[in-house]
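This report goes through a few features of one structure, part by part. Please keep the sequence and the 3D view at hand while reading.

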Amino acid sequence: MKKAAMAIPNRQLKQERERRCWSQLEVADQIGTTSLNVSRWERGITFPTPHFRQELCALFGKSAGELGLLQDVIVESHVLLSSANSVPHSKDTVSPPSQTPRIVEERRLVTILVADVTESTTLGETLDPEDIRALIDRYYTHARRIIANHGGTLEKFIGDAVMAVFGLPRALGEDAERAIAAALALREAVTTDPLLGKHLLLYMGVNTGEVVANSDPTGGNFLVTGDVVNLASRLQQVASPGEIVVSERTATAAGNAFLFGDQRLIEVKGKRQPLPVLPLSQARPIRIIDRPPLIGRLQDVLQLDLLRMRTLEERRPHLLSIVAPAGIGKTRLFEEFLAHLDPEEGFQVAVARCVPYGQTLTYWPLRGLLTGLLGEEIGKTQIVDAFVRGGQAPEDAARLADFVLTTLGIEQEEVADSESIFAAWRLLIETLARQAPRIVVFEDLHWASESLLDMVEHLLHARVQAALLMFVLSRPELLDRRPTWGGGQQNFTTLMLQPLTEAQTRELVKHVATGLDQALRERVVERSGGNPFFALELVRGIGERGMDEKSATTSILPDTVHAAVLARLDLLTSKERAVAQAASVVGRVFRVTTLQAVLEDLATTEIDRALDGLMTRHLVVQASGEAFTFQHALIRDVAYGTLSRSERVRMHCRIAIWLEGTAAERLDEFTELIAYHYQEAVRLSQQSAVPLELPIDLARVIYSLERAGLLVSRSGALAMLCSRAIPPLTAIAKQ
Ligand SMILES: Nc1ncnc2c1ncn2[C@@H]1O[C@H](COP(=O)(O)OP(=O)(O)O)[C@@H](O)[C@H]1O
Ligand SMILES: [Mg+2]
């Protein structure tokens, strides 16, 4: 116990020992065990084995009953502990040693709870030491019961502090959540206990991390030591009375179920950097479920499966367009389909993802497609090889590879006509499909440039005798742009994905919002109109607010999902918000390095921390390595919408300048991206009644835009681009 000096709980064994003025070590020496064991027996954490029981009885000249070694409450709590999670019975317990599943030495991810008490001095009265003992005893009884009920293991007492481990000897899942729930329950038990609430103050720390656990051969329970334990203890020390302080890792692990207050930094011995910690505020009104099970869509999945079977059997290309508004579940349906592919069939999947950059990034998505087809390393050699393997003469293969590379802005080929480029791409896909069954996907095709759309239409006419299954996932806008989409093609299917039915939406909401009041659930069902993304966002909004259901009914369910997303962004810390906003300017996928370039005021560690926060709140997910992406494009759109026009202009310019600097060696590859950011800056600055000053050299912008125009013209697509999609780039810049 810290602060006030208080006696440890009394057991008869302890009284007998003290009567003889023996230390725990002296007793231990006389019967041949460790002082740690004696301490445990006195505290009722473990029991002496029959052998040690006999030794103790002989030493003190008393019976086991007189020494208090069979006290009912202890037996009961111990049994609870063992049955809750098969705690290994140590050699010195009453349980038969044969049941001991020995832990030799293992690395485990665990969550540690440390809870300590002090005597409250608010009443201005000092308690009698005997009363204090009785109180602490009572506190331990609560702690044992609660920890066991939450599947934790009472590992040891540090002074008077309780240390419990969750995740050992077996991880029960959600260990961090269970540890925090136990901490909350303990706080509740102590504050509501008529005796304890008045006299004891509780301080708690919770930490998650890897420990090395090993069994104690001298007969104790298993031992857990190391940094993770020390930090948990440190967290408990910095807690104020009644506070539960958790480490960042714990907060992340338990973020779906609990809400935390503002982060603060603490000094930790042996660590150069101060560590961020968070106080627990409360359990979320409803637990957030990352990914609900798939609801409905049985026929849709079957339809996809049927096509897969036909493609394999008939060895003919098939095309399926999945069309539906944002959030209806196009991506999810496709993911379910992929998840159930039988590896034996050998399908290889390549995805071209279009991005919401506007339509200037002509062929950017093809880069992803090529990686999916040929592997991470893409260069001329790999493409030539693929064509040669498909039976092309080396010189033809080289020429075709150049056409393919032109679309990626890699090859400095002179202007090539789009027909040749399209043909080369189609040949590449057909060639590869002949070698192995292929699934080629164009995701979010509504964002594609006109030239890419032309190209995809061309690819869809594949005539090869091979198992080639092509998917297009798109919002209905695509059909506005290309009313005859897929018209006149063989083996073409369109799946207009429908909203979930009311019953299905209800089921979905029930899954993700178990704790939510029935009436509120019904409102979510009603407001979301069968759109799963909307339903999930509305539920998340309620979950994050942590408000009582009454106020939630009146103010939390906004009319639009836009407002629901906005409400979630409003809950972010200022740094998290700044990072989300900057990321929204970069695009749906962004990297830390780009964010650093835009957010000059924030240190890298601050950006990292903010990203962690955004991930905890399920606004952002890690895509791969350094790359992150918004959980849904709509979240990106809403974040972008919160920025003032001048801020957007400033950030687009910063990103463009930064890209020019860093991408110097692969400028061709990034030219369109750079041009896009400049173009947005110019366009936005012109939108104001008083045009905004551009924080860049206009000549530089014009150069960049012209360069992009040139690059695009190489593929013969400039004319199409200018006539259909965007106003002439240079014209805007020169205005
Ligand atoms: N049938 C479904 N059952 C459960 N969750 C779904 C279902 N359809 C979509 N979702 C969830 O809704 C969200 C939006 O779906 P998504 O596939 O991204 O929509 P889209 O691609 O049409 O914009 C995702 O979190 C997804 O997991
Ligand atoms: Mg999608």
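The shell around ligand 1 is made up of 10 nonpolar, 5 polar and 4 charged residues. The model is a predicted one. Of the 19 residues around ligand 1, those that come nearest are G329, T331, R332, P532 and F533. Two elements give two or more residues to this shell: helix 12, which spans 330–339, and helix 21, which spans 532–545.

## Helix 11 against helix 12

Two packed helices are described by the angle between their axes and the distance between the axes. For helix 11 (residues 298–314) and helix 12, the axes come within 10 Å and cross at roughly 55°. Helix 11 is therefore oblique to helix 12. The crossing of these two helices is right-handed.

Which residues make the contact? On helix 11 they are D300, V301 and L304, and on helix 12 they are L333, E336 and F337. Sorted by class, the contact of helix 11 with helix 12 has 4 nonpolar and 2 charged residues, with no polar ones.

Strand 16 and strand 17 (residues 627–630) run antiparallel and are joined by 4 bridges. V621 has T629 of strand 17 as its bridge partner.

Definitions and conventions
Residues are numbered from 1 along each chain as its sequence is written. Chains are lettered from A and ligands numbered from 1 in the order in which they are written. This is a predicted model: local features need pLDDT of at least 70, side-chain atom pairs count only at pLDDT 80 or more; totals for chains, interfaces and linings use all residues. A residue is near a molecule or strand if its C-beta atom, placed from the backbone, lies within 6 Å of it. Ala, Val, Leu, Ile, Met, Phe, Trp, Tyr, Cys and Pro count as nonpolar, Asp, Glu, Lys and Arg as charged, and the others, Gly among them, as polar. Axes are lines fitted to C-alpha atoms, for helices over the stretch in contact, and angles run from 0 to 180 degrees between N-to-C directions. Angles under 35 degrees count as roughly parallel, over 145 as roughly antiparallel, 65 to 115 as roughly perpendicular and the rest as oblique. A crossing is left-handed if the near helix is turned anticlockwise from the far one by less than a right angle, and right-handed if clockwise. Two residues are in contact if their C-beta atoms, placed from the backbone, lie within 7 Å. Two strands pair if DSSP finds at least two bridges between them.
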